[in-house]
Amino acid sequence: MRLQDKVALITGGTSGIGEATAILFAREGASVAITGRDEKRGHPVTAKILQSGGKAIFIRTDVRKSGECRRAVDETLRAFGRLDILFNNAGVFYPHTILDCSEEEWDLQLDINLKGTFLMSKFAIPGMIQQGSGVIINNSSGWGIVGGDKAVAYCASKGGVVLLTKAMAIDHGPQGIRVNCVCPGDVDTPMLPEDARLRGLKWEDYLAGCANRPLGRIGTVDEIAEAALFLASEDSSFMTGAALVVDGGGTAD
């Protein structure tokens, strides 16, 4: 129960890392609000938490829109009375070089991955300042630290998340707010087979490429959720401005 009596808001909580983190945070004692653009995917996640005795709500949110981000924070505060943890997890990825990345696709990835993190934090931080404490976790990527092939917009957005994290940590540490980011490598989420499809690769060939890592496999959503839990809890009480890489050694070789 490392998050007993805490309230967490998780964007992109309808599947993958966001879903796993929401379920884990609830199991550790937190009341959880999750956001996403698809209600049909959101309500089954909250139902899992409620059925296990936890507290959870779903808030339909497009993190590209300022008004919807403000509303997500406001509805979390109305439902649970406070906000202790914000996990900026919503993200998208489309594989392209700078030559074949359209302006629309560039804007989409920058808006969801980076601007969404900015907007959600902008509206969550005032309440955290008022209560004198808070934790923000931003989901970046190993490709936010090193470059990746056919991923110019994604790398730009996730690299931005890393430095946004560090800048926010400097600004708001004196107000009792810790800001860190987690940088996953290849993780078994719906994003991975979609990436394989868009690259024109067979799934087994794609996995073979992912296995060319020191640990020889892709990660699980639960492994990333555990890293997010560490950053959300007092176990990481002396950490802020850090980029926690969880990638099976992908950025080490």
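## Salt bridges

A salt bridge (a side-chain nitrogen of Lys or Arg within 4 Å of a carboxyl oxygen of Asp or Glu) joins the side chains of E75 and R71, with N and O 3.2 Å apart. Both residues belong to helix α3 (residues 66-80), where they stand 4 residues apart, about one turn of the helix. Helices here are DSSP runs of H or I with at least four residues, strands are runs of E with at least two, and both are numbered from the N terminus. E75 is partly exposed at 24% relative accessibility, and R71 is likewise partly exposed at 30%. Buried means under 20% relative accessible area, exposed means over 50%, and partly exposed lies in between, with a 1.4 Å probe and protein chains only.

This is a predicted model in which local features need pLDDT of at least 70 and side-chain atom pairs count only at pLDDT 80 or more, while totals for chains, interfaces and linings use all residues. Residues are numbered from 1 along each chain as its sequence is written, and side-chain values use heavy atoms, with hydrogens and water left out.

## Further charged pairs

The count of salt bridges comes to 12. One of them pairs R2 with E28, the closest N and O atoms being 3.6 Å apart. This pair links distant parts of the chain, 26 residues apart: R2 is in the segment before β1 (7-10), and E28 is in the loop between α1 (16-27) and β2 (31-36). R2 is partly exposed, with a relative accessible area of 41%, whereas E28 is buried at 13%.

R64 and D62 also meet through their side chains in a salt bridge, at 2.8 Å from N to O. R64 is partly exposed, with a relative accessible area of 29%, and D62 is buried at 7%.

## A buried lysine without a salt bridge

K158 is found in helix α5 (residues 152-172). The residue is buried yet has no salt bridge, and the nearest side chain of opposite charge, that of D186, is 13 Å away. Apart from neighbours within four places in sequence, K158 is in contact (heavy atoms within 4.5 Å) with N113, N139, S140, S141 and G144.

## Nonpolar cores

A nonpolar core is a set of buried Ala, Val, Leu, Ile, Met, Phe, Trp, Tyr and Cys residues joined through side-chain atoms within 4.5 Å. The largest has 30 residues, and those with the most contacts inside it are F25, V32, I85 and I137. The elements giving two or more residues to this core are β1, α1, β2, α2 (39-51), β3 (55-60), β4 (85-88), β5 (134-139) and α8 (221-232). Helix α8 supplies the largest share, 8 residues.

Not counting residues up to four places away in sequence, F25 touches L3, A8, I10, A30, V32, I85, I137, A228, L229 and A232. A second, separate core of 24 residues includes L9, C69, A90 and I112.

## Cysteines

A disulfide is a covalent bond between the sulfur atoms of two cysteines. With the criterion of a pair of cysteine sulfur atoms within 2.5 Å, a search of the whole structure finds 0 disulfides. The sulfur of C155 is 11 Å from the closest cysteine sulfur, in C101, and is therefore too far for a bond. C183 is also in no disulfide, the nearest cysteine sulfur being that of C181, 4.1 Å away. Both C155, with a relative accessible area of 15%, and C183, at 0%, are buried.

## Surroundings of D247

D247 lies in the segment after β7 (243-246) and is buried, with a relative accessible area of 14%. Leaving aside neighbours within four places in sequence, D247 is in contact with C183, P184 and G185. A polar atom of the D247 side chain lies 2.7 Å from the backbone nitrogen of T251. D247 and A208 are 39 residues apart in sequence, and their C-alpha atoms are 16 Å apart in space.

## Positive phi values

D5 has a phi near 70°, a positive value in a residue other than glycine. D5 is placed in the segment before β1 and is exposed, with a relative accessible area of 60%. K150, also a residue other than glycine, has a positive phi near 50°. K150 lies in the loop between β5 and α5 and counts as partly exposed at 44% relative accessibility.

Terms used: A polar contact is a pair of N or O atoms within 3.5 Å; within protein, one must be able to donate a hydrogen and the other to accept it, and residues adjacent in sequence count only if both atoms are side-chain atoms. Lys and Arg count as positive and Asp and Glu as negative; His and the chain ends are not counted.
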